[in-house]
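Please keep the coordinates open while reading.

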Amino acid sequence: MEQPTTGNFTKTPGWLDWYASPSKPSFQLPAGAVDAHCHVFGPGAEFPYAPERKYTPCDASKAQLFALRDHLGFEKNVIVQATCHGADNRALLDALIHSNGKARGVATVKRSITDQELQAMHEAGVRGVRFNFVKRLVDFTPKDELMEIAARIKAWGWHVVIYFEAVDLPELWDFFATVHDDLATTVVVDHMGRPDVSLPVDGPQFVLFQRFMREHQNVWSKVSCPERLSVTGPKALSGEQNAYRDVIPFARAIVEEFPDRVLWGTDWPHPNLKDHMPDDGLLVDFIPHIAPTAELQHKLLVDNPNRLYWS
Ligand code: 0GY
């Protein structure tokens with residue numbers, strides 16, 4: 001694969017480049033597998049980063065993403081708008097349009113978006129909008145504007161993707177429940193609502209997230225980002241001990257209880273990682289630890305993403 005570049009922007013200090021030579025996974029992905037959470041960044045020279053961004057990434061182009069898809073053995077991608085591009089979805093739309101139907105998208109939009117623009121996004125392959133509540137990534141998430149957007153996008157059959165940290169779920173619960181219940185909208189949670197995996201899997205924090213999924217039948221979860229959530233980290237210490245082993249019980253509990261409402265993605269090019277950059281091939285090898293049977297793997301990687309994004 002091509003080496004990462006920084007384009008004509010200056011990367012955030014400490015930012016790690018994505019892994020340029022990922023290994024071939026040992027785990028053979030089922031035919032039709034979808035990488036349901038990944039990003040394109042720029043290239044900044046063509047698609048400038050948003051002035052309000054909290055970080056400047058290293059460029060990660062559509063061609064580089066599609067090369068990774070083929071290398072790992074995925075058939076398709078779901079490309080998610082990241083905060084470094086704000087509500088300027090041009091890089092995302094360009095990637096969707098050039099994907100030969102092999103990518104769908106999740107955009108970030110403002111209240112000022114017109115119906116014509118939404119229609120054009122739909123035709124390009126957008127199927128959802130993302131609302132980001134992670135405080136280090138956005139200054140302000142206006143709930144009234146989000147409700148208005150969530151109501152409008154239903155006309156296109158889109159869903160809502162939310163990104164938040166576990167400590168914030170109690171205060172956000174009512175708002176998310178309103179979007180889900182009152183608007184009857186499917187809600188997809190990024191990275192299991194970012195649990196603190198040093199806490200017990202059956203402790204109050206993660207139990208609250210499980211209750212949220214149990215009580216809201218159209219809430220889905222991405223069981224992604226072990227590299228972001230893990231405290232034990234990437235090193236396989238010995239014998240039975242796996243890389244990111246502390247994340248396994250959390251992700252596996254969600255996959256086993258909600259097998260029809262889970263998605264998996266690489267999160268390439270892994271924004272905001274400063275400790276280590278994962279080898280995407282090894283991330284794919286993590287999948288059988290959280291979805292241990294062929295049936296669970298097929299739902300997670302093929303049936304669920306295709307139902308949500310391609311039907
Ligand atoms: C992710 C994670 C992160 C960043 C973003 O939109 C973003 O900037 O999503 C993060 O920093 O945790 O989902 O890719």
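The lining of the second largest cavity divides into six nonpolar, three polar and no charged residues, where Ala, Val, Leu, Ile, Met, Phe, Trp, Tyr, Cys and Pro count as nonpolar, Asp, Glu, Lys and Arg as charged, and the others, Gly among them, as polar. This is a predicted model, in which local features need pLDDT of at least 70 and side-chain atom pairs count only at pLDDT 80 or more, while totals for chains, interfaces and linings use all residues. Residues are numbered from 1 along each chain as its sequence is written, and side-chain values use heavy atoms, with hydrogens and water left out.

The second largest cavity holds about 40 Å³ of space, and its lining includes His 39, Phe 41, Val 80 and His 85. A cavity is a set of points, on a 1 Å grid over the protein atoms alone, where a 1.4 Å probe fits but cannot get out; a pocket is an open set with protein on both sides within 12 Å along at least five of seven lines; lining residues have an atom within 4 Å of a point. Grid points are joined across faces, edges and corners, and a volume is the space filled by probe spheres set on the points.

In the largest cavity there is about 110 Å³ of space. Of its 15 lining residues, His 39, Arg 130, Leu 137, Tyr 163 and Pro 271 lie nearest the centre. This lining comprises five nonpolar, six polar and four charged residues.

The largest pocket has a volume of about 480 Å³. Its lining has 22 residues, and those nearest its centre are Glu 52, Thr 108, Lys 110, Val 138 and Phe 140. Strand 4 supplies the largest share of this lining, three residues; strands (E, at least two residues) and helices (H or I, at least four) are DSSP runs, numbered from the N terminus. By class, the pocket lining has nine nonpolar, six polar and seven charged residues.

Which residues touch the most other members of the largest nonpolar core? They are Met 192, Val 223, Trp 264 and Leu 301, in a core of 90 residues. Such a core is a set of buried Ala, Val, Leu, Ile, Met, Phe, Trp, Tyr and Cys residues joined through side-chain atoms within 4.5 Å, buried meaning under 20% relative accessible area, exposed over 50% and partly exposed in between (1.4 Å probe, protein chains only). Helix 5 (residues 169–182) contributes the largest share of this core, seven residues.
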